[in-house]
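This briefing is for a reader working with the sequence and the coordinates side by side. Please keep both open while going through the points.

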Amino acid sequence: MPLFPFFLRYFRRKKNEDTLHFKNIKRIDTLKVITSPAIIFVLLLFVWMLTVYFYNALPAFIREGLEVYFRNTWQAAEEASKEYYGLAAPIWGTIYTSIIAILIALPISIADSVFVVDYAPKKVKNFFIIISDMMAGLPTIIYGIWGAFVLVPFLQKYVMMPLYKHLSFIPIFSSPPITGYSYFSAGILLGIMVTPFASAIIREAYQMVPFTYREATLSLGLTRYEATKILLGYIKPAIFSGAILAFGRAVGETVAVSLVIGNTFNLSIGLFAPGYTISSLIANQFGNAFIYKHMLPALYAGGLALFIIGLIVNVVGLYLLKRWQKNVEI
Amino acid sequence: MSKYAIETKNLKIYYADNEIIKGINLKIPENTIFALMGPSGCGKSTLLRAFNRLLELNKDARIEGEVLIFGKNIYADDVNPISIRREIGMVFQYPNPFPHLAIYDNVAIGLKLNHLVRNKEEMDKRVRWALEKSSLWDEVKDRLREYPASLSGGQKQRLVIARALALKPKILLMDEPTANIDPLGTKNIEKLLFELKRDYTIILVTHEPAQAARISDYVGFLYLGKLIEVGLTKDIFEKPKSELTEKYVTGVLV
């Protein structure tokens with residue numbers, strides 16, 4: 001048992017730590033023994049999930065190769081040999097809607113942060129922050145139902161229709177908004193949903209700008225607007241990471257999106273065309289995936305793609321945020 | 001035009017309900033270094049920020065009385081604080097060049113946003129002038145595009161001085177500019193201030209009586225929000241009238 005002594009050594013109290021005031025202190029740190037499995041559990045779970053996804057997606061990779069990600073065919077057939085699953089449309093839909101979401105969420109959260117930090121009176125300020133944080137924590141189905149019954153009809157009637165009518169020569173406005181369920185609706189809804197996340201990060205960063213820089217901008221005889229622009233430049237990395245983390249959330253959002261995107265295997269740049277996202281695809285197809293021989297691995301492959309996108313996006317976002325926070329400390 | 005750069009008339013400053021500055025009458029002549037000294041918390045920085053209306057950043061601050069800059073009351077109703085701040089440069093206790101802007105841009109930003117220069121050539125000239133004036137040019141001329149992080153504390157502080165000078169102010173407010181600088185950097189900055197006083201009126205806040213003695217022409221001693229004594233530096237340090245001042249300059253009172 002060569003491992004055992006290692007563990008014992010790991011869990012032993014360090015010299016001089018807590019031992020000064022106690023004579024008969026135990027040599028093993030019990031609290032350390034109790035708490036350390038938690039982190040091991042999290043790590044194991046991470047490795048386990050990644051393995052499970054990869055292992056289960058493997059048949060799809062073997063059968064179709066990487067085309068499972070790059071082809072837009074979704075052919076469920078009773079005869080197993082005719083089945084073919086390509087995820088190009090949902091992957092495109094995921095990225096497209098998330099980008100729309102960020103384009104909407106970013107300006108709103110920046111404006112929101114500047115207002116809350118610089119202008120809002122103290123009492124209202126906390127109220128705004130609480131509301132915003134609460135919106136971030138609402139169950140997403142609440143957004144989904146509101147989106148499907150209120151937002152989509154509104155957008156279709158007052159935004160999509162006029163844009164299509166007058167500007168349909170522009171490629172992104174060229175698809176007719178027949179039902180209103182579309183990339184556009186999903187993107188707007190996602191934008192509304194991730195705004196609280198992005199603004200939480202940007203607001204914190206904007207609040208952390210040392211007071212001396214605020215004084216410096218104003219001492220140069222700049223207007224509030226010019227000063228704010230400089231300070232926003234100063235927190236640019238934090239804004240960027242806020243955008244990336246919000247993108248990560250938008251990519252993963254499932255129920256609300258599946259209610260408003262139209263769930264169609266479509267690969268279009270037209271904003272008003274219905275589409276699919278990976279997560280809404282998995283949620284919709286999971287129930288009947290067992291009927292078909294090859295569908296489940298394809299769904300796992302989709303899950304793996306999401307896993308990896310989410311991983312990269314979050315790691316990059318958090319890394320940038322940490323690096324910026326370190327730079328800000330005077 | 002008054003011959004005083006700054007004149008205050010019964011100036012009182014409150015934070016919420018606390019009276020921080022308790023009625024100050026002060027006259028600061030042009031082209032001198034006026035040192036404002038006093039122990040920590042006596043209101044030096046607060047008083048300094050009343051001279052360029054930077055105090056208004058703090059929502060709790062309230063001001064009574066008058067501050068005249070070259071004879072003009074800057075707290076009159078029709079005065080725009082932004083135009084006041086353009087004429088008064090400020091240097092802070094912590095060297096605070098904008099870390100996300102290159103050295104060149106740190107000096108240029110005020111000029112650019114205030115539309116004080118017409119073209120790139122003029123801008124280059126003015127940036128160079130400001131950096132030369134703050135005797136930093138020789139040290140940074142080859143790395144104008146680098147970020148200020150690569151500069152030492154003293155260099156950063158001179159960059160901030162250049163940033164202020166670029167707007168060609170008439171008055172320079174300095175809030176303990178050497179408090180966070182090493183001795184060599186401090187020496188350089190003091191030498192620089194000595195040269196600058198030919199063209200500018202400098203108000204120097206310091207908590208070091210020795211610094212005031214070294215470089216200032218006039219000294220005001222501020223204690224608990226009151227101006228205890230004002231006069232020529234020589235007089236204050238050699239024959240102070242007030243017992244408090246004597247205690248402070250001899251280091252008994254901290």
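The model is predicted. Chain A is built from 13 helices and two strands. With a radius of gyration of 25 Å, well over the 20 Å that the globule rule gives for 330 residues, chain A is more spread out than a compact globule.

**Chain A overall**

- Along the principal axes, the C-alpha atoms of chain A occupy a box of roughly 80 × 70 × 30 Å.
- Buried residues make up 45% of the 330 in chain A.
- Among contacts in chain A with a separation of 6 or more, 70% join residues 24 or more positions apart.
- Chain A has an accessible surface of about 18300 Å², and carbon and sulfur atoms account for 70% of that surface.

**The largest pocket**

- The volume of the largest pocket is about 810 Å³.
- Its lining counts 33 residues, and those nearest the pocket centre are Asp118(A), Phe211(A), Leu57(B), Asn58(B) and Lys59(B).
- Two or more lining residues come from each of these elements: in chain A, helices H4 (88–119), H5 (122–137), H7 (183–208), H8 (211–219) and H9 (224–234), and in chain B, H1 and helix H2 (81–87).
- H8(A) supplies the largest share of the pocket lining, five residues.
- Sorted by class, the pocket lining holds 15 nonpolar, seven polar and eleven charged residues.

**The largest cavity**

- The residues lining the largest cavity are Pro59(A), Ala60(A), Arg63(A), Glu64(A), His294(A), Pro297(A) and Ala298(A).
- H2(A) contributes the most to this lining, with four residues.
- The classes in the cavity lining are four nonpolar, one polar and two charged residues.

**Asn52(B)**

- Asn52(B) sits in the loop of chain B that runs between helix H1 (44–50) and strand E4 (61–69).
- The relative accessible area of Asn52(B) is 0%, so this residue counts as buried.
- Leaving aside residues up to four places away in sequence, Asn52(B) touches Ser219(A) in chain A, and Ile84(B), Arg85(B), Ile88(B), Met90(B) and Leu173(B) in chain B.

Notes:
Residues numbered from 1 in each chain as written. Chains lettered and ligands numbered in written order. Predicted model: local features only at pLDDT ≥ 70, side-chain atom pairs only at ≥ 80, totals over all residues. Heavy atoms only, no water. Buried < 20%, exposed > 50% of the residue type's maximum accessible area, 1.4 Å probe, protein only. Contact = heavy atoms within 4.5 Å. 1 Å grid on protein atoms, 1.4 Å probe; cavity = no way out; pocket = protein on both sides within 12 Å on 5 of 7 lines; lining within 4 Å. Nonpolar A, V, L, I, M, F, W, Y, C, P; charged D, E, K, R; others polar. Rg over C-alpha atoms; globule rule 2.2 N^0.38 Å. Areas by Shrake-Rupley, 256 points an atom, 1.4 Å probe, with all protein chains shown as cover. Points joined across faces, edges and corners; volume = space filled by probe spheres on them.
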